[in-house]
Amino acid sequence: MKRLGWLVLVCAVVWSGWWYANAVAIDRVLSAWLDDRRAEGWAADTQNLNTTGYPMELATTLEGLRLADPATGVAWQAPSVTLTRPTFGPTDITVSLPPEHTLSSPFVNLTISSQTSTARLSVAPTPNLTVWDSQITLEDFAIASSQGWTSRIGDAKISTTQGAEPMSHVIRATLTEVSPGGPILQLLDPANLLPDSMQSMRIDATATFDKAWDITALEDRRPQPRAIDLQTVDMQWGEIEVRIAGALTVDANGVPEGDIAVQIVKWEALLELLQSNGVLPQQINAFALRAVESLAQASGRADTLDATLTLAGGFIRFGLIPLGPAPRLVIR
């Protein structure tokens, strides 16, 4: 029994030493990272940096965190951010954000709030911390703008895993009660034809980027998409249901090209919406309208339209109907 007691004591001392050494290392690494950002001209400050969680985890809290990138004018402030990992799990990190924090740019200030806002990251055990996979959970998520609008999401579960191709990630997301705010809703639905909230959205896609998602995505520049494979995108907003699948390539300027198959239930309601927001003229070409009706009838249901969204040469076309310039897919 005496030897067992000594063994337990020795194990406890070794474990405590291991935990303490890791806690000191984490504090030093984060402090050094903040110092490096300040050396590059960033504003990078925290009022307090402390690691707790003994004996089973390392929970590092940065209080009064403020980051600002002079190159983009983007700044982020949070009363606290907590990074947690198991004592013997250095590649599994959980990031917990506070109930409220702010994101600012030269154009707008955003106050972000949520009941739950966490991200679990599995990263490579290398200095760059390349992301292997991630899970993001949001509950009662809201973004309030200094311009007077607010966007909300009831809840969201988003996951990414590394794909088969280099720099690719499989992305799966489920969102409910999505309420785009202010100018977004006004742009989409100026005539108030839709409910305030989209009931649901589900995304299953694979995106390939021009560089890895790692710590340099924050320090240097964000990875940019170069290919997007949309296996499934389903959304329901009011009586309109949309299902999308297809593949796009994206050039260095963010211009996408490719074909996307689209199925729309209650397509006439969507047509009215597109006319109300100016995407389509109020007096749509009679030939184009007959062509759309013929496509719907060919699908077997008069209220369901199957067509192809074509992006080419910087423009976008829905079947025979031109919709204008294609959006640029650029991550700022």
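D35, R38, D45 and R66 are linked in a network of salt bridges. That is where I will start, and please keep in mind that this is a predicted model.

R38 and D35 sit in helix 1, which covers residues 2-39. They are 3 residues apart, about one turn of the helix. Their side chains meet in a salt bridge, with N to O at 2.3 Å.

Now the strand part of the network. R66 forms a salt bridge with D45, and the closest N and O atoms are 2.8 Å apart. R66 has a relative accessible area of 36%, which means partly exposed. D45, at 28%, is partly exposed as well.

Next, another salt bridge, between the side chains of D92 and R120, at 3.4 Å from N to O. What does this pair tie together? D92 lies in strand 5, residues 92-96, and R120 in strand 8, residues 116-123, so the bridge ties together parts that are 28 residues apart in sequence. D92 has a relative accessible area of 31% and is partly exposed. R120 is partly exposed too, at 30%. The count of salt bridges comes to 12, and the ones I have named are among them.

E139, D140, D155 and E177 form a negative surface patch. One of them, E139, lies in strand 9, which runs over residues 131-145. With 30% relative accessibility, E139 counts as partly exposed.

Last, the overall figures. The protein has 5 helices and 18 strands. It has 332 residues, of which 37% count as buried. The accessible surface comes to about 18400 Å², and 60% of that belongs to carbon and sulfur atoms. As for contacts, take those between residues at least 6 apart in sequence: 51% of them join residues at least 24 apart.

Note on methods. Residues numbered from 1 in each chain as written. Predicted model: local features only at pLDDT ≥ 70, side-chain atom pairs only at ≥ 80, totals over all residues. Heavy atoms only, no water. Patch = residues over 30% accessible without salt bridge, like charges linked within 9 Å, V, L, I, M, F, W, Y side chains within 5 Å. Areas by Shrake-Rupley, 256 points an atom, 1.4 Å probe, with all protein chains shown as cover. Salt bridge = Lys/Arg side-chain N within 4 Å of Asp/Glu carboxyl O. Lys, Arg positive; Asp, Glu negative; His and termini not counted. Charge placed at Lys NZ, Arg CZ, Asp CG, Glu CD. Helix = DSSP H or I, 4+ residues; strand = E, 2+ residues; numbered from the N terminus. Buried < 20%, exposed > 50% of the residue type's maximum accessible area, 1.4 Å probe, protein only. Contact = heavy atoms within 4.5 Å.
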